[in-house]
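Hi,

Here is the structure I said I would pass on.

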Amino acid sequence: MENNESMESTDACGMEPDKAGKEERLFTQEEVNGFIQSRLGQMKKQAAKESAAELGQREKELEAREMRLAVREELEKRGMPKGLSEVVSGSSLEEIGSKLDKINEIYGKKDGAEEGGARGFQIGSGQGEESQMDALREAFGLS
């Protein structure tokens, strides 16, 4: 019987409540509501930051797509190869336009005589159509 009494006076940890020195604290409903409101406020701020970061990222991606499209349109308008759209980039339409102007200035010259003669191999340079066919036949051993 004495054993039962001693069991009742100890808590779940095996310590007697008087010797533990800590009593359970009870919170009022107002305190609990304050805790919940505080936690909800923190979660809302965190969600707003994450949403703003995601929105910023999506906005940057959209701007990049718009600039790639603008480059393609400008290349098409100028009659330049569409493959240049992978090489040319810029942050504004003016910057893209100036880059395309420079590319056209350097590589877009149709007449090679402006810079002291033609560069590289040019098909049909100075030869008639018949002489081109003869050169091809001779190259393939068909003559």
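Isoleucine 36 sits in helix H3, which covers residues 29-78; helices here are DSSP runs of H or I with at least four residues, strands are runs of E with at least two, and both are numbered from the N terminus. Because its relative accessibility is 43%, isoleucine 36 counts as partly exposed. On that scale, buried means under 20% relative accessible area, exposed means over 50%, and partly exposed is in between, with a 1.4 Å probe and protein chains only.

Before going further, a word on what you are looking at: this is a predicted model, in which local features need pLDDT of at least 70 and side-chain atom pairs count only at pLDDT 80 or more, while totals for chains, interfaces and linings use all residues. Residues are numbered from 1 along each chain as its sequence is written, and side-chain values use heavy atoms, with hydrogens and water left out.

Back to isoleucine 36. Together with Phe27, Val32, Phe35, Leu40 and Met43, Ile36 forms a nonpolar patch on the surface, with about 540 Å² of accessible area between them. Patches are built from residues with over 30% relative accessible area and no salt bridge, joining like charges within 9 Å and nonpolar side chains (Val, Leu, Ile, Met, Phe, Trp, Tyr) within 5 Å. The areas come from the Shrake-Rupley method with a 1.4 Å probe, and for residues only the protein chains shown count as cover.

The structure holds 1 aromatic pair. The ring centres of phenylalanine 27 and phenylalanine 35 are 5.5 Å apart and the planes are at 80 degrees, so the pair is edge-to-face. For pairing, rings of Phe, Tyr and Trp (its six-membered ring) need centres within 6.5 Å; planes under 30 degrees apart are stacked, over 60 edge-to-face, and the rest tilted. Phenylalanine 27 is partly exposed, since its relative accessible area is 46%.

Now the overall picture. The chain has 5 helices and 0 strands, so you can read α-α-α-α-α along the sequence. Of its 143 residues, 8% count as buried. The accessible surface comes to about 13100 Å², and 52% of that belongs to carbon and sulfur atoms. Among contacts with a separation of 6 or more, 18% are between residues 24 or more positions apart; contact means heavy atoms within 4.5 Å.

What is in the largest nonpolar core? Its 7 residues are Met67, Val71, Leu75, Met80, Val88, Ile96 and Leu100. If you click on valine 71, you will find contacts to Ser85, Val88 and Ile96, not counting residues up to four places away in sequence.

Then the charges. There are 6 salt bridges in the structure, each one a side-chain nitrogen of Lys or Arg within 4 Å of a carboxyl oxygen of Asp or Glu. One of them joins arginine 25 to glutamate 31, with the closest N and O atoms 3.4 Å apart. Arginine 25 is exposed because its relative accessibility is 53%, while glutamate 31 is partly exposed at 29%.

Glutamate 74 pairs with lysine 77, the closest N and O atoms being 3.4 Å apart; both lie in helix H3, 3 residues apart, or about one turn of the helix. Lysine 77 is exposed, with a relative accessible area of 64%. Glutamate 74 also pairs with arginine 78, and there the closest N and O atoms are 2.8 Å apart. These two are 4 residues apart in helix H3, so about one helical turn separates them.

Arginine 78 itself is partly exposed, at 30% relative accessibility. Leaving aside neighbours within four places in sequence, arginine 78 is in contact with Gly97, Leu100 and Asp101. Arginine 78 and asparagine 104 are 26 residues apart in sequence but 9.1 Å apart in space, C-alpha to C-alpha.

Best wishes

Definitions and conventions:
A nonpolar core is a set of buried Ala, Val, Leu, Ile, Met, Phe, Trp, Tyr and Cys residues joined through side-chain atoms within 4.5 Å.
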